[in-house]
Amino acid sequence: MAYRRRLLDSLLDELLAELPAILLVGPRASGKTTTALQRAQSLIRLDVPGEAAAFRADPDAVLRGMTEPVLLDEWQAVPETFPAVKRAVDAAARPGRFILTGSAYGDLEGVTAAGTGRIVRLRLLGMTVREQLGRVAAEPLIDRLARGAEIAVPGERLDLRDYLDLALRSGFPEALDIGGAAARQRWLEGYVDQIITRDPTGTVGARNPALLLRYLEAYALHSAGIVEAKSIYEAAGIDKRTATSYENVLENVFVVESLPAWRTNRLKRLAQAPKRYVLDAGLMAAILRVDMAAILRDDKLLGRVVDTFVASQLRGEIEVCATRPRLYHLRDTDGRREADIVAELSGERVLGFEVKASSSVTSADARHLAWMRDELGDRFVGGVVFHTGPHAFPLGDRITALPISAIWAAQ
């Protein structure tokens, strides 16, 4: 099968031309190895016991005999990888020597500290719809909004069912290659089973798979929600310490992620709780064992799935955004005003985003963004209300209603 280009490809090539070592991290089966193999000349699979044992025996000697760039796949299986690469880079810091891939951050064990200043980290998450459509050369939406560009109305006219279909397909390349929805669902459920039945990083220690599954289900039910940790672990029937351990490992293997609350001295009485997400909407549905029909029967779940999907599309472009944004959420302490996603640009400039699982949008749906605009003044670059209808139209000064598909529209 032909290689499908990723948003990260051009950036990865640019960095390898300048830097000695790149660490590519992301979920299992997100395509890290396939992407890295497009530019590697040698490969060591550290999750293969025989190759791992040989590398552990004398990593410095092994690396000296390899044709570069060398791909060290699943580095976290052999934590000695980082010190060995560090020593090699210290000896000769020429560009394009090493690519490391891993399906865990490794930060819980502190082993990545050895690469500080020598190994640059990039995240490769699931495939965005833009990547699935082969539109990787298009400028990211956040960059277009930041420079005030006119946003093209997508040629395709999608409705709510179309968006749910895209969300439930997930962003895992292997799942996307499965034609049937039932078989794809089985693949995703198998992925969930792997998460709960074995520890991919060796950091959790003894655990109860049934309890972890209950915690993951409670987390998925609250995806795209601003909820205290206590609400999740009490719903799962576990204690705070166990929940902290489970959340850490699920973040470490790119299953979940907390979006921090945005803070500014221009706005008072802002909530500090994070907004929690399952990183992939298809995986979220697999965790909960729900299909499109079940989601359409539950308006609260529908809103969470669509928000989770939109967040994944924006998150997938962050690494290649020229504006280098950071993503947050915003909510005041009494819950009267909020923005689903806030993208902070340089100079404390911000973009605000609301997500509506509806094709009918009015100025009332933009009231929180209008409040942000009025309070922040020139720091508010623009706001978008994403919706499931086909049209783009203004909702006030610097605020626009856009179809969700504008994120990946051809330019």
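## A buried pair

Both Arg-6 and Glu-131 are buried in this predicted model. Their side chains form a salt bridge, with the closest N and O atoms 3.1 Å apart. The pair links distant parts of the chain: Arg-6 belongs to the segment before helix 1 (9–16), while Glu-131 is in helix 6 (residues 129–132), 125 residues apart.

Let's turn to Glu-68 and Arg-94, whose salt bridge spans 3.2 Å, N to O. Glu-68 counts as partly exposed because its relative accessibility is 23%, and Arg-94 counts as partly exposed because its value is 41%. The structure holds 26 salt bridges, and Asp-9, Asp-13 and Arg-39 are linked in a network of them.

## An arginine without a partner

Arg-304, in helix 16 (residues 299–315), is buried yet has no salt bridge. The nearest side chain of opposite charge, Asp-307, is 7.2 Å away. Among the residues that Arg-304 touches are Leu-221, His-222, Ser-223 and Met-284.

## Helix 13 and its ends

Helix 13 (residues 240–252) reaches 18 Å from its first C-alpha to its last. Its buried residues include Tyr-246, Glu-247 and Leu-250, and what covers the buried residues includes helix 10 (181–197) and strand 7 (256–259).

Just after the helix, Phe-254 takes a positive phi of about 65 degrees.

Conventions:
Residues are numbered from 1 along each chain as its sequence is written. This is a predicted model: local features need pLDDT of at least 70, side-chain atom pairs count only at pLDDT 80 or more; totals for chains, interfaces and linings use all residues. Side-chain values use heavy atoms; hydrogens and water are left out. Helices (H or I, at least four residues) and strands (E, at least two) are DSSP runs, numbered from the N terminus. Buried means under 20% relative accessible area, exposed over 50%, partly exposed in between (1.4 Å probe, protein chains only). Lys and Arg count as positive and Asp and Glu as negative; His and the chain ends are not counted. A salt bridge is a side-chain nitrogen of Lys or Arg within 4 Å of a carboxyl oxygen of Asp or Glu. Contact means heavy atoms within 4.5 Å. The expected span of a helix is 1.5 Å times one less than its number of residues. Lists of a residue's contacts leave out its neighbours within four places in sequence.
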